[in-house]
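Q: I am new to this structure, and I would like to learn how to read a few of its features. Could you walk me through them?

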Amino acid sequence: MSQIRHGDSGIWVRTFGASFSGGSILLPQSSHWHQLIYASQGVMTVRTAAGLWVLPSHRAVWVPGSTQYAIDLCGPVSLRTLYLRTELTGNLPAGCCTMNVPPLLRELILHTVRLGALDGEIPEQARMASVLVDQLRAMASIPLQLPMPSDPRAVRVAAMLQNEPNRTRPFPELARAAGASVRTLERLFLAETQMTLGKWRQRLRVLQALRLLAKGEPVTAAALEAGYDSTSAFIAMFRAETGTTPGRYFEKAE
């Protein structure tokens, strides 16, 4: 396991690497440093107050400094995390986002973790840090965040949907259970998540399917668990959310 180094003013990038069997974990925090959390193997879900992100292997999540988060692991997961000084990361996202990790960036991450840290006073390591940041700036984010509402009524609906992602409960039934009208819930979800209630449930389902597909479940089984009776309808929904089919989505990560 690579350890985070503290009190070293010349260090530009710190690292952490470990493998876990499952469950929920909290990674070591590093003050205001930004973090790139990379799943080299396995599937993880990163949760913040603003929302959640599902990461199959060979994806990473960008976490700005001072963001509080937790990680749920779907079975065995190998994590490789970089902590970057804020001075290095201008023009990088101000909020959490997920990104594909192509081969060059993957090798940079793994090599940096093997080194333990990048010291800006060592020319070779300073150049490596610069290339690393350039690669991060070139990465396109993957629009698979599930933003969370904050109004108590909308929070209750979000919790009900998360507890039963494969159940198609009518919106009036959800609204009655939450103590609000459907119109009020639609207004709350749109204002607080920038999604309609229907779109929010669809995004929840595709993230649930991602967890299952990344663990090796067949497309048909993932479709059923995500609340779809038709595999073709599920694939159409998946393509609408990710821009590609389930099979190609995971091929792109290699």
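A: Gladly! Let us begin with handedness: a crossing is left-handed if the near helix is turned anticlockwise from the far one by less than a right angle, and right-handed if clockwise. Helices (H or I, at least four residues) and strands (E, at least two) are DSSP runs, numbered from the N terminus. Here α3 passes α6 in a right-handed crossing. This is a predicted model, where local features need pLDDT of at least 70, side-chain atom pairs count only at pLDDT 80 or more, and totals for chains, interfaces and linings use all residues. Residues are numbered from 1 along each chain as its sequence is written, and side-chain values use heavy atoms, leaving out hydrogens and water.

Q: Which residues of α3 and α6 make the contact?

A: Contact means heavy atoms within 4.5 Å. From α3 come V157, A158, L161 and Q162, and from α6 come L197, W200, R201 and L204.

Q: Where is D151 found, and is D151 buried or exposed?

A: Buried means under 20% relative accessible area, exposed over 50%, and partly exposed in between (1.4 Å probe, protein chains only). D151 sits in the loop between β12 (145–147) and α3 (152–163), and D151 is buried at a relative accessible area of 14%. Beyond its neighbours within four places in sequence, D151 is in contact with L188 and E192.

Q: How many disulfides does the structure hold?

A: A disulfide is a pair of cysteine sulfur atoms within 2.5 Å. The structure holds zero.
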